[in-house]
Amino acid sequence: MDVTTEGELLELEGTGVRVLVFAGARRPPSADAALRGLLAMSSGVPAEDVELEHACPTCGARHGRVSVGYPMTPSGAPWYADVAVCGDAVVAAAATRHPLGIGMEPATLDAGDAIDEAAFHADERAALDELDASRRALVRATLWARKTALLRAAGHTDFIEPSRLALTIPGEDGGVGRMVRSVPEFGSVWREVAFHDLRVPGKRAASVAVIG
């Protein structure tokens, strides 16, 4: 069964990144099935031949983006790929040129001050405080989805406190976010990061971080 026929296929302009979104289905595909389907569609190999590895190649822990053992890209390099799940929504992304990661978070009304202080830069918290409650939840969720996506795209790295990073505010940046405050661990690569927010039905936010 070709799971890709049940999802919405998107291409992020200027990046070469293809995204497959499943939302609202009674029985959505598993994360691995969605990502295998997207890679099969993009590479031309059977989905059952796609090999995925969820363990970090550096430390073996289950964090960061998914590694693709097979197939390879036309140039012989590995594919960049990732997948995220939130409730009945599944989002998969794949590309040949740019490291990427996906974040997807529920839009809750109130995450609590302690969580916000750990997750968001002071500038971000100030911007959130200026929003009315009906909009604040989705903006907060989008910011957190972006940061999750970035850390997954970066893969194995020194521990980085999310509150040290400041991003542009969703709704004020046209849906493609950038980093405005970074950390030394990212070097100059932070200038090359873009966050592509996705429209996913339901009370949740999703974003794809693309490096380069």
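The model is predicted, so local features need pLDDT of at least 70 and side-chain atom pairs count only at pLDDT 80 or more, while totals for chains, interfaces and linings use all residues. Residues are numbered from 1 along each chain as its sequence is written, and side-chain values use heavy atoms, with hydrogens and water left out.

**Pocket and cavity**
- The largest pocket has a volume of about 290 Å³; a pocket is an open set of points on a 1 Å grid over the protein atoms alone, with protein on both sides within 12 Å along at least five of seven lines.
- Its lining has 16 residues, and Leu138, Thr142, Pro170, Asp197 and Leu198 are the closest to the pocket centre; a lining residue has an atom within 4 Å of a point.
- Helix α4 (133-154) and strands β11 (193-198) and β12 (204-211) each supply at least two lining residues of this pocket, and α4 gives the most, with four. Helices (H or I, at least four residues) and strands (E, at least two) are DSSP runs, numbered from the N terminus.
- One cavity of 30 Å³ or more turns up in the whole structure, a cavity being a set of grid points where a 1.4 Å probe fits but cannot get out.
- Leu150, Ala154, Met179, Phe186, Val189, Trp190, Val193 and Ile211 line the largest cavity, which holds about 30 Å³ of space.

**Charges**
- The structure has nine salt bridges, each a side-chain nitrogen of Lys or Arg within 4 Å of a carboxyl oxygen of Asp or Glu.
- In one of them, Glu124 pairs with Lys147, and the closest N and O atoms are 2.7 Å apart. Glu124 is in helix α3 (residues 122-129) and Lys147 in helix α4, so this pair ties together parts 23 residues apart in sequence.

**A cis peptide bond**
- Most peptide bonds are trans.
- Tyr70 and Pro71, however, are joined by a cis peptide bond, with omega about 5°.
- Pro71 has its place in strand β4 (residues 66-72).

Terms used:
Grid points are joined across faces, edges and corners, and a volume is the space filled by probe spheres set on the points.
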